[in-house]
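Notebook open, model loaded. I want to go through a few spots and write down what I find.

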Amino acid sequence: MSKNYFINTENTTYAIGVDDKGIVRHLYWGSRIDDESLEIPDIWDTNSNHSDMDNAVTEYTAFGGKMYRNCAVKCRYFDNCRDCILKFKSAAQNENELVITLEDSVYSFLVELHYVTYPDSDIITRFARLKNKSDNDILIEKMMSAEISLPSELPYEIMNTNGSWGGEFQLESETLKAGSVVFESRKGTTGHTNQPTFIAHQGANEDFGTVYFAALGYSGSFKVEAQRDFKGITRVTLGVNDFDFSYTLKAGQELETPCVYIGVSNGFAQMSNDMSRFAINHILPRAYAQKPLPVLYNSWEATAFDVNTKGQLELAKKAAELGCELFVMDDGWFGKRNNDCAGLGDWFVNEEKFPNGLDELINGVNALKMDFGLWFEPEMVQRDSDLFRAHPDWVYHYPTRENNELRNQLVLNLTKPEVEQYVFDCMDKMLEKHNIRYIKWDMNRPFSEVGAENLENAQELWLRHTKAVYAVADRLKEKYPYLQLEACASGGGRADLGALGHFDMVWTSDNTDPLDRLVIQQGFSMLYPIKCMRAWVTDWNDNRRPVSLDFRFASSMQGSLSIGANLNEYSEQDIEKAKKYIALYKEIRPIIQFGKLYRLRNESAHGYWANEYVDDNEAVLFVMTTAYTLDNRHHKVLNLRGLDEKAKYSYTVDGREFVHSGAYLMNGGLSLELYNPFDAKIIRIKKVD
C-alpha cells in the first residue's frame, strides 16, 4: 500500500512517497503546502529502451535493475553481485526528523535516509547511513549524501565556481539542457576550483525567483553531479567523490555520509542569509558561534621566516596601538625552519630564534592586552626534518614509486592512528605549555602517491583522512574550550561547511588584493557565513595596482577584519587611519558578522560594488568604485534592502546629513555621486526615533 511522508519547515515542504512496489519516490519540494493527498504517478516501461525506472523520480537511486541513469549508491556484494535493489522497509518520523529505511533484503544491506528540520530555519539537513546486517563484507563503491530532484521540466541555470589558487570562488553559471555537469575535487581537500555546493534557478536574481540550493558539509574530495534527462527532469547528487574511492563495510558495521544542507528561497539574497544564519545556529562550533571574531594581526608579510622575540614584540606593540585583539605568529617559529625547504613535522620551538622560550613573546603580547596565536601545518612533513628521518613510512607512498613534492612537502598518512595521535600531540603539547588561544591550521598541497599500506582497502583513505582532521580539531577544542581554530589550505582550499563544523573560521584566499577580494568574497558569501571569512588588510600588489588604505580597509571590513601588512612601514598617517577604521569596525562588527547581507551591485554587471549589511537597528553600506568611472554615469541611486518601511533612518553622505523613511530608501533609493577610481564609501544608516 502506498504512503506519503511530508517534511515541513515554516515556509517549505519536502514530500516523499512509497509506491505499491516499495520504490521510494520524490514527490515535491517547494513552498509550504498542507495538502497531504499528493498522488504518486504510475510508472511503466515505455518501450524496450526506456524502462519504468527511467520514468521514476526516485529519492535515492541505487545501481541495479533497469536503472541506467546516475546513481546515489553503488556496491559490490560478497559474491560479486553488483545489482543493488533497495526497497522501502520502514519509516520513523518525529517532530524534527524523518528516517526512511531502504533494504536490499537478499543481502541484508540497509540504507537509512535522514531528513532533519529546525524550528528556526527552512534549511533541511540530509544524510544517509549505510548498514551491513549480513555476515559478509560489502564493498561500497559510491555513497552520495543526498539525491535531489528539481520540479520543473524546463532547463535550470546551474551555478558553481571555477577558481584557482589566488582566485577562489569565481562564480560561473551555465544552462543545463542535456547530459551532466560535474563539479568536483580529486585532491584530498575541497580545493580551489569548484565548491561542494549547487545553486539551481530559472532566471532568478538577488531579490526574486525560486532558487534551489545545497551545500555539502565535507572538506575532502567531493563530487556534485547535475543531470538532465530526456524527460526534462534535473537531478543532483552530492557527496564523497567516487573517483578512486571505495569503502569496505564489514559485517555488522555502519557508515554515515557527510551532511548536505538543502533549501529553497526567493532570490539569492534570501538563500545566502538563510544559510548564514543556519550555519551560525547549527553548524559552527558552539564556543564562538554566537560571538564576534576578534580583529587579528598576522606577522607573516612583515617578517616571513625571520621571526624572533624582539621583532615580533615590536610588531605586537604596533598592532595593539591600532586596536588589534589577537596577535598571530605565522610560519618559521619551529624546528630548523628558515625557509620552506625544511622543518615541517618538527613542532618544537626553535631555540636559536627564541633562546628564552616562547613565553617571553606570549607574555609580552598578553601584556599588550592581546591574545596570542600560532601557525601550524600539521598534516605535512619535509624530508629535511627529524620526523621524516625517524618515520619515513608515515607519508602516503608506494614502495615502488618516488614521492612527488609540492612546496617541498609530503603528506602525512593520517589514517594511521599513531600519525593522527602525533598530530594531536604536537599541538596539544604547545597548548598545554603556553597561553595559546588561536591556531591557524594550514595545508599547502594536495595528495599524491596515495598508498596506505596500513589499510586493508587503501581507497578509504580519502574519507578517513578528512575524518582524522576533524577528530583532531574536535579533541583540541574539547580539551581547550577557549581555543579558536582557523582552517587554511593555501588560501581557500578548505573553505567549506565541513571545515566550519569543526573550525571557527576559514582563510578564503592567499590573494589579498582588495579589488580581487571583492570578487572572491562575493562568491564565498553565496552559501557560507560572512562571519567566518578572514579578510586581511595587506600591502599586496602595491607595485601592480596601488590603492589607498581606505579602499583596503573598506574591502576587508566586509568580513572578519584582519591586518597582515608590514606595520614597520606604516607612516603616522597610516597608523591613525588604521586606528580609525579598526575602531569603526568594532562598532559595526555585529552587523557585518551577524546581520543580513544584500549584494546591491557588482563590478561585472554595474561597474562598481555596493554591499549592504543590515540588522534590526542599523545598516552599513559599502560602495567601492573600480579602475575607471565615466563622468556621465557618476550619479548612482541605490535601492536599499532589509529596512523597516515605517521607521526613519539617518545617514551622512559626503558631509551632508539626510533623514528618510525605510520605505523611501528601499523604493526611492539613496543617491550617490561616484567620480574617482578606487574610491570607497562606508555609510552608516541608523534608525532614529
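I started at Leu102, which stands opposite Val111 in strand 7. This is a predicted model, where local features need pLDDT of at least 70 and side-chain atom pairs count only at pLDDT 80 or more, while totals for chains, interfaces and linings use all residues. My numbering runs from 1 along each chain as its sequence is written, and side-chain values use heavy atoms, with hydrogens and water left out.

I counted eight bridges between strand 6 and strand 7 (residues 109-118), and the two run antiparallel. For my own record, strands are DSSP runs of E with at least two residues, helices are runs of H or I with at least four residues, and both are numbered from the N terminus. Two strands pair if DSSP finds at least two bridges between them.

Strands 6 and 7 make a hairpin with four residues between the strands, and in it Ser108 takes a positive phi near 50°. On to strand 5 (residues 87-93): six bridges join it to strand 6, again antiparallel. Ala92 stands opposite Val99 in strand 6. Strands 5 and 6 form a hairpin too, with three residues between them.

How many of the eight residues of strand 6 are buried? I got seven, so strand 6 (residues 97-104) is largely enclosed by the rest of the structure. Buried here means under 20% relative accessible area, exposed means over 50%, and partly exposed is in between (1.4 Å probe, protein chains only).

Next I looked up an open sheet of three strands, in the order 1-2-3 with antiparallel pairing. Strand 1 (3-8) and strand 3 (24-31) are at the edges with a single partner strand each, so one side of each has no neighbour in the sheet. Neighbouring strands are turned by 15° against each other on average, direction ignored. That angle is between axes, which are lines fitted to C-alpha atoms (for helices, over the stretch in contact), and angles run from 0 to 180 degrees between N-to-C directions.

Strand 2 (residues 12-18) is joined to strand 3 by seven bridges, running antiparallel. Gly17 stands opposite Arg25 in strand 3.

**Asp331**

I found Asp331 in the loop between strand 21 (326-329) and helix 5 (359-367). Buried or exposed? Asp331 is buried, with a relative accessible area of 2%. Its side chain makes a polar contact of 2.8 Å with that of Arg337. A polar contact is a pair of N or O atoms within 3.5 Å; within protein, one must be able to donate a hydrogen and the other to accept it, and residues adjacent in sequence count only if both atoms are side-chain atoms.

Not counting residues up to four places away in sequence, I noted what Asp331 touches, including Trp300, Phe305, Trp375 and Arg407. Contact means heavy atoms within 4.5 Å.

**Val419**

Val419 lies in helix 7 (residues 417-433). It is buried, at a relative accessible area of 0%. Leaving aside neighbours within four places in sequence, Val419 is in contact with Trp394, Leu412, Asn413 and Leu414. I also checked His391: it is 28 residues from Val419 in sequence and 9.7 Å away in space, C-alpha to C-alpha.

**Whole chain**

Of its 689 residues, 61% count as buried. The C-alpha trace spans about 80 × 70 × 40 Å along its principal axes.
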